[in-house]
Amino acid sequence: MNIINTVNTLDRTKAPHIKDAIEFDLHLKPYQKMVLDNGVEVYTIDAGPEDLLQLEWVFFSGNWYEEQNGIAAATNHLLKNGTSTKSAFEINDHFDYYGAYLNRSCYNETATISLHTLNKHLSELLPVVAEIIMDASFPTQELEIYQQNMKQRLEVNLLKCDFVANRLIDEYLYGIKHPYGKYATAETYNALDINAIKQFHHQYYAQGRCIMFVAGKLPTDIFQQLNDNFGKLPIHPRTSVAIEHPVLQATQKKYHIVNDPSGVQAAIRIARPSINRLHPDFTKAQVLNTIYGGFFGSRLMSNIREDKGYTYGIHSFFQNHLSASAWIVSTEAGIDVAEATIKEVYHEMQVLREEPVDADELLLVKNYLIGSVLGDLDGPFQIIGRWKNIILNDLTGSYFDASIQTIKDITATDIQEMAEKYLNPDDFYELVVI
Amino acid sequence: MHKDTSTPMAVLNIMYDVGARDEDPNQTGFAHLFEHLMFGGSVNIPDYDEPLQLAGGENNAYTTNDLTNYYCQLPTENLETAFWLESDRMLSLAFSEKSLDVQRKVVTEEFKEHYLNKPYGDVWHILRELAYTTHPYRWMTIGKNLAHIENAQLQDVKNFFAKHYNPSNAIMVVAGNVETDYIKELTEKWFGPIPAGEKYMRNVPQEPAQTEARRKTVKAEVPLDAFYKCWHMPARIDKAYYAIDLIVDILGGGASSRLYQTLVKEQQLFSNIDCYHYGSLDRGLLTIEGKLVKGITPEAAEAAVEKVLDGLRNTKVEEKELQKVKNKTESLMAFEDMGIMNRANSLAFYALIGDPTMMNSELQKYQEVTVDEVLQECKNLFEEHNSTTLYYLATQQQHEHN
């Protein structure tokens, strides 16, 4: 190779040729679906370089279904803290011994149990997951430890301006009684009652509605194993249950709260109620959001971090709720520059409403979005995550392709229309917590 | 190079052999501040991020006490864009006053967000200064104090670049569905012309063996008393590292670990407790930390922790318990290796510490650890004279600084 010649002719100011990411042909690898004997659906993706699996049991047992605040979360948390034949320690030791990770998470509509394991240990683990679902025993002492430790954790978190701001902005957007707007206090934990938890477990897990997602290098007998362990349980397939929770938005729009008088930063949240995935504008609004505050090169980051240095980071995003949703700008900034930061947040809305995005920036954002989807389709866990989103949101199978097409086709005029429609300061709540 | 034909994405990872341990004690936080400046434009390219995003790519970087790592991922077809960008910033930065000025502010806000405006945020500043008398692990990557960052001058930035940012001090890993010949060609084209530079010879003052226990009590405006205790442990490349990493898991890895089961569940002295280490390249710290249940004194909490450690110092662990933490390690490694970004990062790290083939031999080293080694390392490690203890207590006084 003639290196000398390369040195002399290499023009470092000139970017190498690129293939525009929007020219890539992107497809979401299709899932395989199985149905267990009891009707429970299992969606699977068979892919990946390692002999390992991620399994997720999604129950419709989030805080949407509780009659008393905190019951859904406590039930979910305590699921693995004892059955009629095993102590919490024995259950944890069993999963730990096989190097597996058994986690549980509680959300609004759903609550999940997830298992990450090497394939070779799967058969030792599935029966214990089934035992937890059917036979969790909720010892009183486990609840007491949970109450004590959660209250202590809450006390620490309440000193953090970002934690407090996240709770309050949800309260303003949805109301303190709505599943999306309510939050836990020390009284919430004190009021937890073991019988209410047992009842909730019986209704929403042992006899609950469930849907499963499995991804990784699937063993050939995966269906058999799942059906043997879960196909005969009295759990039900997913059906829609109409429980309505009215949203009650706050009437006051602006809030300034001093939570910690010695704080040196302010948590800023600027948020509006918004459309969700089911709305025809959603993908277009997502592109607008990317330009506005959705990635490192966004307007908010470029202006407020990279030009002015007011913050370590500023982001805008849509909440991923199934029904009502919100569009939120979130940052922590120095107290002395908090007002200036807020001014710039609104200023960037105005620029997007008044001026069309130029062609270079629009192409960059499209390429970035497509590139990140391409990167995000790399691996079974990411692929099943996308399908889960589509399935739980009741979107059609063509949603993914349609979204990609929208990103490729969107114009500066579309973006400006979205900004005129959705980025009006009057629609936004504004919260500063020090 | 790491080849993976299953992914449409390629990764370019450059690890520089420089971290906070290489800083001047009067100019701490510099390696990390510098990492920010690496995104402020290079000699021929005014903006790093834009062209990468245009090519459908994403990137990030991190600084530790030991090293600085930069990585980007983009569609394989556009890999050359990464070569172009990374080689130009290895050749030279733009060194703009504006970029320095802005990033000083950004890092100052980062400092506030993570270390000042957060309960218990200053714990590791205190612990490092107490546990180390000599080694530059005395300070955190963010820096000893805000003034060091605020006072950084452009000439300092230039000097730092000249000393550390050249091919002699860098390891590059390319991962993805790519051919070796093509990568060689791109490397020659973009990196070949950059002068190798001088290899930085690290001459970091090593920490003398600790001979006396160190203790400190501080009061702060936090709601809960907290307990921290650290012991000096061998460096990452020491053969004892594997046994100690497993000991950390026996003590604090997951809900069946000894500390959690005994002190959170059975005795209810702590509302949470963890055991961890940072895998430091020089001699590091093994740390146990937890928040106390209200009404429990730190002395009682410490005595209970020591009793758990007595169990490890005096009695061999059961084979089954050792097998458990080995199984956890195997599983963790397999899950970590799922993405090419992680694999590229690991490969660079092992190359930096001397042998990229460690990527494939690490698990075996864990498997070979015996119950006798675990016992021996516990005896070596958990000596009172090798420890640093911090009681971080809640004060009733409101709104008092320090």
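Which residue stands opposite Leu12(B) in β5(B)? In this predicted model, the residue facing Leu12(B) is Val174(B). That pair belongs to an antiparallel pairing in which strand β2 of chain B, residues 9-16, is joined to β5(B) by 6 bridges. A further partner of β5(B) is strand β1 of chain B, residues 2-3, which pairs with β5(B) in the parallel sense over 2 bridges. Here His2(B) has Ala175(B) as its bridge partner in β5(B). Strand β5 of chain B, which covers residues 170-176, is mostly covered, with 6 of its 7 residues buried. As a general point, the strands of a sheet pair through backbone hydrogen bonds, in either a parallel or an antiparallel sense.

Stepping back to the whole of chain B, the fold comprises 15 helices and 10 strands. For its 402 residues the globule rule gives a radius of gyration of 21 Å, and the value for chain B is 23 Å, close to that figure, so the chain is as compact as a globular protein of that length. The C-alpha trace of chain B spans about 65 × 50 × 35 Å along its principal axes. Of the residues in chain B, 48% count as buried. Among contacts in chain B with a separation of 6 or more, 80% are accounted for by residues 24 or more positions apart.

Chain B also meets chain A, in a contact that takes 63 residues from chain B and 65 residues from chain A. On the side of chain B, the elements that give two or more residues are α2 (49-54), β4 (68-75), α3 (79-91), α4 (97-116), α8 (180-190), α10 (258-266), β8 (270-277) and α12 (319-336) of chain B. The largest share of this side, 8 residues, comes from α4(B). By class, the side of chain B that touches chain A divides into 20 nonpolar, 22 polar and 21 charged residues.

Turning to chain A, the domain assignment gives domain 1 (32-230) and domain 2 (254-433). Taken over C-alpha atoms, the centres of these two domains of chain A are separated by 30 Å. Their contact takes 22 residues from domain 1 of chain A and 28 residues from domain 2 of chain A. On the domain 1 side, β2 (41-46), α6 (161-174) and β6 (210-216) of chain A are the elements that give two or more residues. Of these, α6(A) supplies the largest share, 9 residues. The side of domain 1 of chain A that touches domain 2 of chain A has 15 nonpolar, 5 polar and 2 charged residues.

Chain A also holds an open sheet of 5 strands, in the order β7-β11-β8-β10-β9 and with mixed pairing. At the edges stand β7 (254-257) and β9 (311-318) of chain A; each has a single partner strand, so one side of each is left without a neighbour in the sheet. From one strand to the next, the twist averages 10 degrees. Within the sheet, strand β8 (residues 265-274) and strand β10 (residues 325-334) of chain A run antiparallel and are joined by 10 bridges. Ile270(A) stands opposite Val329(A), a residue of β10(A). Helix α11 of chain A, residues 299-307, packs on the sheet and touches β9 and β10 of chain A. The direction of α11(A) makes about 160 degrees with that of β9(A).

Key: Residues are numbered from 1 along each chain as its sequence is written. Chains are lettered from A and ligands numbered from 1 in the order in which they are written. This is a predicted model: local features need pLDDT of at least 70, side-chain atom pairs count only at pLDDT 80 or more; totals for chains, interfaces and linings use all residues. Two residues are in contact if their C-beta atoms, placed from the backbone, lie within 7 Å. Helices (H or I, at least four residues) and strands (E, at least two) are DSSP runs, numbered from the N terminus. Ala, Val, Leu, Ile, Met, Phe, Trp, Tyr, Cys and Pro count as nonpolar, Asp, Glu, Lys and Arg as charged, and the others, Gly among them, as polar. The radius of gyration is taken over C-alpha atoms; the globule rule is 2.2 Å times the number of residues to the power 0.38. A residue is buried if 20 or more other C-beta atoms lie within 10 Å of its own, exposed if 12 or fewer, and partly exposed in between; C-beta atoms are placed from the backbone. Domain bounds come from an automatic or database domain assignment. Two strands pair if DSSP finds at least two bridges between them. Axes are lines fitted to C-alpha atoms, for helices over the stretch in contact, and angles run from 0 to 180 degrees between N-to-C directions.
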